[in-house]
Amino acid sequence: MRLSFGQGPLPVMIRVLFRLIFALAISVSPRSGSAEPTASAEAGRFDLSCVSGGAPLVAPPSFDGRDRFYFATTDAAIHSFEADGRYRFTVTLKALPVGLLVREDGSFFVATADRQLLSFSSEGLLRFSMALLDIPRVGPFVVGPSRIGVLGTRGQLLVFSDNGTRLYTVRVSGAERAPVASGKLLWFETGQSELLVLEGAWRLNTLDAGGRVSLVGPLSGAALALRSTDLLRVTFSEAALLAPNVLFASGSPLGAGLVIEGQGGAQEFVWLDASGKRTRSEPLAGKARLAPAVGPERSWILLEDGRLQSVAAAGEGQLVVGPRDLPLALASGRRTLLGLFDKDRVCVLP
């Protein structure tokens, strides 16, 4: 006699076994009224998409206006990926890249150690190249609207237009890093208490900040600088105190995010708009580990216990268990958050 599925003693025993397993699963499942999800339950949210160019990065990744990200590596290559980590292309250069500048439309500029400034389309096609007067040490970086600059080893700032026309050269002796740009103004660090401020092609000023400072980003017509735990707003002519007790700060043309420590050691995240006005604050669920990644809609802070806390420009924030490996740095585009986990590995965090 043939037995169809669901008939006979064997299927009956199987159904009984499934009922026992289901009942056991209900008896040991966690209660829904628990105060906070466990790390193992939350960790499932982070399906990391990690990429590598196969060599150490020259600098942290940069975003275009569509959150596609690009980075240069020490094996003379430029790599680009979609916002979700899907591979786009790799450009192989003839010399080591010194720096990378990505535009909103995805086009990008690369300075190389053989005194070249290269321009590429958003698809990685070479548009033009130009010879530099000095060996590039820092850059390319934004100098002003439709202008880019490269800092040479002899303290020369070389400025070009987007189409490759050489505009002018200015000596900024003592400058050590890429400047902060806001409008027609540039601020340079010197590694001391002095900041160099350049307006246009020739108007140069030296500011004494009263202690060693580091530039952390632009504001409208000004720059942000940290002097120990004092946040300064620096213009062409002065460095004024903007906020005390600041542990970390990051700035962008759209605004800035600060981690401030209050009485008793409690920390909070403070959002500033482009003019430096405090628009939002939120207490942190722990101690901050890195400078915040500031985005136009949402900023992220990595806490010492490995959790990631987000602060929205408007609306509610979010607190989630972070990735298993703690990143060295965080960078945020409009929607995408990237973590630089190793010198050669970048992971997209959803």
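In which strand is Ser310 found? Ser310 belongs to strand β27, which covers residues 308-312, where strands are DSSP runs of E with at least two residues, numbered from the N terminus.

The views below show a predicted model, in which local features need pLDDT of at least 70 and side-chain atom pairs count only at pLDDT 80 or more, while totals for chains, interfaces and linings use all residues. Residues are numbered from 1 along each chain as its sequence is written, and side-chain values use heavy atoms, with hydrogens and water left out.

View 1. When neighbours within four places in sequence are set aside, Ser310 is in contact with Glu282, Arg298, Ser299, Trp300, Gly317 and Gln318, contact meaning heavy atoms within 4.5 Å.

**View 2. An open sheet of four strands.** The strands follow the order β14-β15-β16-β17 with antiparallel pairing, and two strands pair if DSSP finds at least two bridges between them. At the edges are β14 (180-182) and β17 (203-208), each of which pairs on one side only. From one strand to the next the twist averages 20°, with axes taken as lines fitted to C-alpha atoms and angles running from 0 to 180 degrees between N-to-C directions. Strand β16 (residues 194-199) pairs with β17 in the antiparallel sense over six bridges, and Glu199 stands opposite Arg203 in β17.

**View 3. The salt bridge between Arg103 and Asp162.** A salt bridge is a side-chain nitrogen of Lys or Arg within 4 Å of a carboxyl oxygen of Asp or Glu, and by this rule the count comes to 15. In the pair shown here, the closest N and O atoms of Arg103 and Asp162 are 2.7 Å apart. Arg103 lies in the loop between β6 (97-102) and β7 (108-112) and Asp162 in the loop between β12 (156-161) and β13 (166-171), so the pair ties together parts that are 59 residues apart in sequence. Arg103 is buried at 16% relative accessible area, whereas Asp162, at 27%, is partly exposed.

**View 4. The largest nonpolar core.** This core has 15 residues, and those with the most contacts inside it are Leu157, Val172 and Phe188; a nonpolar core is a set of buried Ala, Val, Leu, Ile, Met, Phe, Trp, Tyr and Cys residues joined through side-chain atoms within 4.5 Å. Two or more residues come from each of β10 (136-144), β12, β13, β15 (185-189) and β16, and β10 gives the most, with three residues. Not counting residues up to four places away in sequence, Leu157 touches several residues, including Phe141, Tyr168, Val172, Leu186, Phe188 and Leu198.

Methods. Buried means under 20% relative accessible area, exposed over 50%, partly exposed in between (1.4 Å probe, protein chains only).
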